[in-house]
Amino acid sequence: MFVSENLSVNEKGHLAAGGIDTVSLAEQYGTPLYVMDENLIRNNVRRFKSSIDKYYGGQGLVCYASKAFCCKEMCRIMKDEGIGLDVVSIGELYTAVKAGCDCEKMCFHGNNKTDEELSYALECGVGHIIVDNISELIRLEEIAGEKNITAKIMFRIKPGIDAHTHDFVKTGQIDSKFGFALETGEAFEAVKQAVSCKNVILRGLHCHIGSQIFDIAPFEEAAKVMLGFIAKIKNELDYEIKELNLGGGFGIKYLNEHDPVPFETYMEKVSQVVKSSCAEYGITQPFILIEPGRSIAAPAGITLYKVGARKEIPNIRTYISIDGGMGDNPRYALYKSEYEAVVADKAGEERTEKVTIAGKCCESGDLIGENMPLQHAESGDIIAVCATGAYNYSMSSNYNRIPKPAVVFIKDGQSRVVVKRETLDDIIRNDI
């Protein structure tokens, strides 16, 4: 009935998340409100971890892509579950450090890391700095030398794979701001330069072909291409690449018609390609890393809003205005990303209308969705937008100087605030 397995209708006819009445959560904590189910987060992590352990014989590591949703409590959960983190800025790295995470299990990404970020990553002992370009390699060699630290790196490689996803979230093709291209020989020249560095050790290669991908074939092809490149490096440079990071991008169910591949099936199929390719190329199977983010966080989250106004334009559309919008979920404005929505206090009723859910920002494009099936909504109703655990809080802004919502975690019938709601004083905190 719902896109996420933890959602149900309770005896009051209300939407329940993890068994907790969402209308009650809205009353207790206010709206807009991000709600995350900790049990579902942990279950998703464990599925990835158990499957990578199974299919790679314990020679693999799951690194949660914290850009999907990052706060100290989320980092603590990943630490508790024994997995690593993928961070993409000094802010994400600092959050993880303050949460007590193991920096050796971190991958630090970014196509334009600053000297400050590289210095901090070295000081923290980040295990995998994912180098994106030659300029970064040169700067990292210099900074590491000044600090008398050996920088442990991977190169981000563009394997030339079309992931059949939105143009904005395709990252594995040659025309991308990320990484070194294979087709032009750029990647091989970068490897030759890294091998000659004194203060940098090339531990592995990384690729990421895109996001929200439902088909396994692009992942299989990317693995084969990357292992072919590892074989070329061994054969021509006599240098062994010991680690391969295959990135993330696994699709999730935003709408009922979406049919994502189970994590375990992905892991099994890609591991078969890894093993057969290593045998074919005569190379030692590298240690495998993956970086799921959305697939861990998104299904576990919902966002609760209160309806302010209902505006019916005859023969055109019906607007349902909510007390949030693009400030807390910009994905429809950016990508036309579709979501399932439910009137939480009428969740047991049929969705009889198709409406446009409009945000409160002074912007015509501030919409959560158009032609969305929904129960009849009136002023004061609570609307839940489902599968918002990824790229909602993390992409939120203070547009129109609207404070950001709180984040509440639920677990075993209990709820707690993990990120406080911003206040008006927070909005002006840095003003002079």
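## Strands β5 and β6

In this predicted model, strands β5 and β6 run parallel and are paired over three bridges. Alanine 65 stands opposite aspartate 86 of β6. Strand β6 covers residues 84-87. Gly84 and Asp86 point one way from this strand, Leu85 and Val87 the other way. All four names belong to buried residues. In a regular strand the side chains alternate between the two faces of the sheet.

Strand β14 (residues 301-313) pairs with β15 in the antiparallel sense, over six bridges. Lysine 311 has tyrosine 319 of β15 as its bridge partner. The two strands, β14 and β15, form a hairpin with three residues between them. Asparagine 315 sits in that turn and has a positive phi of about 65°.

Strand β15 (residues 317-322) also joins β17 (residues 353-358). Here the strands run parallel, with three bridges. Isoleucine 320 stands opposite isoleucine 357 in β17. Which residues of β15 make up the covered face, and which the uncovered one? Thr318, Ile320 and Ile322 form the covered face. Arg317, Tyr319 and Ser321 form the uncovered face.

## The β1-β2-β3 sheet

Three strands form an open sheet in the order β1-β2-β3, with antiparallel pairing. Strands β1 (7-9) and β3 (20-21) stand at the edges. Each has a single partner strand, so one side of each is left without a neighbour in the sheet. Strand β2 (residues 15-17) is joined to β3 by two bridges. Alanine 17 has isoleucine 20 of β3 as its bridge partner.

## Helix α9

Helix α9 holds 19 residues, 263-281. At 1.5 Å a residue the helix should span 27 Å, and its end C-alpha atoms are 27 Å apart, which agrees. The buried residues of α9 are Phe263, Tyr266, Met267, Val270, Ser271, Val273, Val274, Ser277 and Cys278. Seen down the axis of α9, these buried residues fall within an arc of 160°, so they line one face of the helix. An α-helix has 3.6 residues a turn, so residues three or four places apart point the same way.

Just after the helix, glycine 282 takes a positive phi of about 70°.

## Aromatic pairs

The count of aromatic pairs comes to eleven. One of them joins phenylalanine 69 and tyrosine 393. Their ring centres are 5.5 Å apart and the planes are at 70°, over the 60 degrees for this class, so the pair is edge-to-face. Phenylalanine 69 lies in the loop between β5 (60-65) and α3 (72-80). Tyrosine 393 lies in the loop between β19 (382-386) and β20 (406-411). The pair therefore ties together parts that are 324 residues apart in sequence. Phenylalanine 69 is buried, with a relative accessible area of 2%.

Phenylalanine 219 and phenylalanine 250 make another pair. Their ring centres are 5.3 Å apart and the planes are at 40°, so this pair is tilted. Phenylalanine 219 lies in helix α8, and phenylalanine 250 in the loop between β12 (243-245) and α9. This pair thus ties together parts that are 31 residues apart in sequence. Phenylalanine 219 is buried at 6% relative accessible area. Phenylalanine 250 is buried, with a value of 6%. Phe48, Phe219, Phe250, Phe263 and Tyr266 form one aromatic cluster.

## Charges over rings

The charged end of lysine 113 sits over the ring of phenylalanine 108, 5.9 Å from its centre. Lysine 232 places its charged end over the ring of phenylalanine 188, 4.6 Å from the centre.

## Backbone details in loops

A cis peptide bond joins threonine 31 and proline 32, with omega about -10°. Proline 32 lies in the loop between α1 (22-29) and β4 (33-37).

Asparagine 148 has a positive phi of about 55° although it is not a glycine. Its place is in the loop between α6 (134-147) and β9 (151-158). Is asparagine 148 buried or exposed? At 74% relative accessibility, asparagine 148 counts as exposed. Aspartate 412, not a glycine either, has a positive phi of about 50°. Aspartate 412 is found in the loop between β20 and β21 (414-419). At 59% relative accessibility, aspartate 412 counts as exposed.

Terms used: Residues numbered from 1 in each chain as written. Predicted model: local features only at pLDDT ≥ 70, side-chain atom pairs only at ≥ 80, totals over all residues. Heavy atoms only, no water. Expected span 1.5 Å × (residues − 1). Buried < 20%, exposed > 50% of the residue type's maximum accessible area, 1.4 Å probe, protein only. Arc of directions from axis to C-beta. Phe/Tyr/Trp six-rings, centres within 6.5 Å; stacked < 30°, edge-to-face > 60°. Lys NZ or Arg CZ within 6 Å of the ring centre and 35° of its normal. Pairing = 2+ DSSP bridges.
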